[in-house]
Amino acid sequence: MVKTDASFAIKRIYEDPADDDGCRVLVDRLWPRGVSKERARLELWLKEIAPSPPLRKEFAHMQERFEDFRAQYEDELASNPAVDQLLALAAQQGKVTLLYAARDPDVNHAKVLLEFLAGLGPRK
């Protein structure tokens, strides 16, 4: 594990890139509709950190399934090597903005990922 004092933020990929986004990382497994690679201005597309396809399909962005989804996705993240890759990138870059395509800003996997990363604290 990598020790980091980096900060993470989340943002919808459909919002315009900003200078204070830092390193922009798409954390969706599927490319968002209607967004060109130029407009996205990504440093990295980290598909591997997104929920597994079966979990994503089961959740289907339904609010009533969110708490179950959260628990299962956190279990996936706990053993996902892409978390270390993201932490290493954050240690190198300072600020990382996690980009997602979901419409709901409160019921989505990027929010779970952000809270998971915040709960890790400094890692060794």
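What covers the buried residues of helix α3? The cover includes α2, α4 (81–93) and α5 (109–120). I will come back to that after the conventions.

This is a predicted model, in which local features need pLDDT of at least 70 and side-chain atom pairs count only at pLDDT 80 or more, while totals for chains, interfaces and linings use all residues. Residues are numbered from 1 along each chain as its sequence is written, and side-chain values use heavy atoms, with hydrogens and water left out.

Now the terms. Helices (H or I, at least four residues) and strands (E, at least two) are DSSP runs, numbered from the N terminus. Buried means under 20% relative accessible area, exposed means over 50%, and partly exposed is in between, with a 1.4 Å probe and protein chains only. Contact, which also decides what covers what, means heavy atoms within 4.5 Å.

Helix α3 covers residues 66–78. Its 13 residues reach 18 Å from first C-alpha to last, close to the 18 Å expected at 1.5 Å a residue; the expected span is 1.5 Å times one less than the number of residues. The buried residues of α3 are Phe66, Phe69, Arg70, Tyr73 and Leu77. They cover an arc of only 100° around the axis, which puts them on the same side of α3. The arc is taken from the directions from the helix axis to the C-beta atoms.

Next, α4. Its 13 residues should span 18 Å at 1.5 Å a residue, and the end C-alpha atoms are 19 Å apart, which agrees. Buried here are Ala82, Val83, Leu86, Leu87, Leu89 and Ala90. Seen down the axis, these fall within an arc of 160°, so they line one face of α4. Pro81 and Gln92 are exposed on the other side. The cover over the buried residues of α4 includes β1, β2 (23–26), β3, α3, β4 and α5.

Then α5. Twelve residues at 1.5 Å a residue should give 16 Å, and the end C-alpha atoms of α5 are 17 Å apart, which agrees. His109, Ala110, Val112, Leu113, Phe116 and Leu117 are its buried residues. They sit on the same side of α5, because their arc around the axis is only 155°. Ala118 and Gly119 are exposed on the face turned away from the buried side. Covering the buried residues of α5 are elements including β1 (7–12), α3, α4 and β4 (95–100).

Beyond its neighbours within four places in sequence, Leu113 is in contact with Val27, Ile49, Tyr73, Leu77, Leu86 and Leu98. Its C-alpha is separated by 13 Å from that of Phe66, 47 residues away along the chain.

Asn80 is in the loop between α3 and α4. It is buried, at 16% relative accessible area, and touches Glu48 and Ile49, not counting residues up to four places away in sequence.

Glu58 belongs to helix α2 and counts as partly exposed at 45% relative accessibility. Outside four places in sequence, Glu58 is in contact with Arg65 and Gln72.

On backbone angles, most residues other than glycine have a negative phi. Arg41, which is not a glycine, has a positive phi of about 45°. Arg41 is in the loop between α1 (37–40) and β3 (44–45). Ala60 also has a positive phi, near 50°, and lies in the loop between α2 and α3.

Last, the largest pocket. On a 1 Å grid over the protein atoms alone, a pocket is an open set of points where a 1.4 Å probe fits, with protein on both sides within 12 Å along at least five of seven lines; lining residues have an atom within 4 Å of a point. Grid points are joined across faces, edges and corners, and the volume is the space filled by probe spheres set on the points.

How much space lies in the largest pocket? About 640 Å³. Its lining has 24 residues, and Asp28, His61, Ala101, Ala102 and Arg103 lie nearest the centre. Helix α2 (residues 53–59) gives the largest share of the lining, three residues.
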